[in-house]
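These are my notebook entries on a structure that I looked up.

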Amino acid sequence: MTSHSTPSVSIVIPNFNCLAYLPQCLQSIEQQTYTHYEILFVDDGSTDGSREYLTELSHTHPHISLILSERGGPGAARNLGVSQAKVNG
């Protein structure tokens, strides 16, 4: 788990209807030895329950942020996440 100070790494993950893969994705990140990071999930208009799952995660995990958007595609979702990341440059 990350500390509450400014992270050194921002992980931006675009999501559109990938609920089945989100637990494994998060588990993979949290198993890494480096822990000074933030995770920004950008939900791009999901209708499969992803938004609800990610909303719950963002409320219970302080290093996870959820950004909601409406079907701009994966490139636009990544760009939105990068624009809101705490780590720039």
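Entry 1. I looked at helix α1, residues 22-30, and found Leu 22, Leu 26 and Ile 29 to be buried. I take buried to mean under 20% relative accessible area, exposed over 50%, and partly exposed in between, with a 1.4 Å probe and protein chains only. Helices (H or I, at least four residues) and strands (E, at least two) are DSSP runs, numbered from the N terminus.

I then asked which elements the buried residues of α1 pack against. They pack against β1 (9-15), β2 (37-44), α2 (50-60) and β3 (64-69). Contact here means heavy atoms within 4.5 Å.

**Entry 2. Basis of the entries.** I recorded that this is a predicted model, in which local features need pLDDT of at least 70 and side-chain atom pairs count only at pLDDT 80 or more, while totals for chains, interfaces and linings use all residues. Residues are numbered from 1 along each chain as its sequence is written, and side-chain values use heavy atoms, with hydrogens and water left out.

**Entry 3. The nonpolar cores.** I defined a nonpolar core as a set of buried Ala, Val, Leu, Ile, Met, Phe, Trp, Tyr and Cys residues joined through side-chain atoms within 4.5 Å. The largest one has 10 residues: Ile 13, Leu 22, Leu 26, Ile 29, Tyr 37, Ile 39, Phe 41, Leu 54, Leu 57 and Ile 64. At least two residues of this core come from each of α1, β2 and α2. Leu 57 touches Leu 26 and Ile 64, if residues up to four places away in sequence are not counted. I also found a second, separate core of 5 residues, with Leu 40, Ile 67, Ala 77 and Ala 85 among them.

**Entry 4. The salt bridges.** How many salt bridges are there? I counted 3, taking a salt bridge as a side-chain nitrogen of Lys or Arg within 4 Å of a carboxyl oxygen of Asp or Glu.

- Arg 51 and Asp 43 meet through their side chains at 2.6 Å, N to O. Both Arg 51 and Asp 43 are buried.
- Asp 44 and Arg 71 meet at 3.0 Å, N to O. Asp 44 is in strand β2 and Arg 71 in the loop between β3 and α3 (74-84), so this pair links distant parts of the chain, 27 residues apart. Asp 44 is buried at a relative accessible area of 4%, whereas Arg 71 is partly exposed at 46%.
- Glu 70 pairs with Arg 51, the closest N and O atoms being 3.2 Å apart. This pair also links distant parts of the chain, with Glu 70 in the loop between β3 and α3 and Arg 51 in helix α2, 19 residues apart. Glu 70 is exposed, with a relative accessible area of 62%, but Arg 51 has 17% and is buried.

I noted that salt bridges link Asp 43, Arg 51 and Glu 70 in a network.

**Entry 5. A buried asparagine.** Is Asn 15 buried or exposed? Asn 15, in strand β1, is buried, with a relative accessible area of 3%. I counted a polar contact as a pair of N or O atoms within 3.5 Å; within protein, one must be able to donate a hydrogen and the other to accept it, and residues adjacent in sequence count only if both atoms are side-chain atoms. The side chain of Asn 15 makes such a contact with the side chain of Ser 46, at 3.1 Å. A polar atom of the Asn 15 side chain also lies 3.4 Å from the backbone nitrogen of Cys 18. Leaving aside neighbours within four places in sequence, Asn 15 is in contact with residues including Leu 22, Val 42 and Leu 54.

**Entry 6. Positive phi values.** Asn 17, in the loop between β1 and α1, is not a glycine, yet its phi is positive, near 55°. Arg 71 is not a glycine either and has a positive phi of about 35°.

**Entry 7. The whole chain.** Buried residues make up 34% of its 89 residues.
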